[in-house]
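Please look over the sequence and the model before reading on.

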Amino acid sequence: MDYCLYQDQLVPREQLKIDPEDRGYHFGDGIYEVVHVYHGKAFALSDHLTRFKESAEKLDLPMLYSTDKLGELVQQLIEKNKLEHGMVYFQMTRGISPRNHLYTRNETPVLTGFSKPLPDEKRESVRLYLTDDIRWLRCDIKTINLLGNVLAKREATDHQCDEALLHRDGTVTEGSSSNVFLIKNETLYTHPATNLILNGITRQITIRLAKAKGYTVVEEPFPKEVIKDADEAFITSTIHEITPVTEVIGDETAHFPVGPVTKRLQQAFAEEIAKHSQTAMKQ
């Protein structure tokens, strides 16, 4: 039987009910996180929980539980569902109240979550479709209101691409569900962690690993026109880790090899996962 998280309880999925007056349902008024699970343990969970709390603060959304308690609930969900390799999704909405744009601060947040297995095989590379970034101006908040991302992903798929690569007035921001890096002369370039992108956990780990390997990382906005001049490119995300980009089409076009810097960083990230897995198996 598959179990879900509801507040601080684990309940069978078929028994989970969402109130139709939940503000998440009406307004997308809530936040979420997705955590990768390796060998039965959530990877980089403390980083995800820190960002979850920061998102809540930015939305004037009270935390229903402490990050320590929430971490315990996530691990309980993994264990209850006997999940070895997969993902956990958890979200918190502002709560239940009569539909009104104005919230009262009297609502009790609603926490839900679920887990699911993931295939062991990974994408070897991806094609990106470069298109306009039509999202709101607070992309740093991991909100459940993702309509702009959804439309971009659909547009990319309709052009036989795996992911959208977004630009705002010609400045590259990120993917519809990933962060993007260009590499030129063994220097990494990526948009800074401003309100225009989500500061991905895998992005943060990748930057740390790159610097540890001696690479320079430049966190500055760059125009879409420079994409074609890059030596390599890759995207990062919780589910797909570090994935090479081999082609960009759309507003600009480019082709890339799966280059040596990308391969070294993939290996470094795999080593991070191995360390996590070894620790998990000893517990």
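Buried means under 20% relative accessible area, exposed over 50%, and partly exposed in between (1.4 Å probe, protein chains only). This is a predicted model, in which local features need pLDDT of at least 70, side-chain atom pairs count only at pLDDT 80 or more, and totals for chains, interfaces and linings use all residues. Residues are numbered from 1 along each chain as its sequence is written, and side-chain values use heavy atoms, with hydrogens and water left out.

A nonpolar core is a set of buried Ala, Val, Leu, Ile, Met, Phe, Trp, Tyr and Cys residues joined through side-chain atoms within 4.5 Å. The largest one has 23 residues, and Ile-31, Val-74 and Phe-90 are among those with the most contacts inside it. Helix 3 supplies the largest share of this core, 5 residues. A second, separate core of 20 residues includes Tyr-38 and Phe-234.

Rings of Phe, Tyr and Trp (its six-membered ring) pair if their centres lie within 6.5 Å; planes under 30 degrees apart count as stacked, over 60 as edge-to-face and the rest as tilted. There are 6 aromatic pairs in the structure, including these two:

| Pair | Centre to centre | Angle between planes | Type |
|---|---|---|---|
| Tyr-38 and Phe-43 | 5.6 Å | 90 degrees | edge-to-face |
| Phe-181 and Phe-234 | 4.8 Å | 15 degrees | stacked |

Tyr-38 is buried at 7% relative accessible area, and Phe-43 is buried at 10%. Phe-181 and Phe-234 are buried too. One aromatic cluster is formed by Tyr-32, Tyr-89 and Phe-114.

Notes. Helix = DSSP H or I, 4+ residues; strand = E, 2+ residues; numbered from the N terminus.
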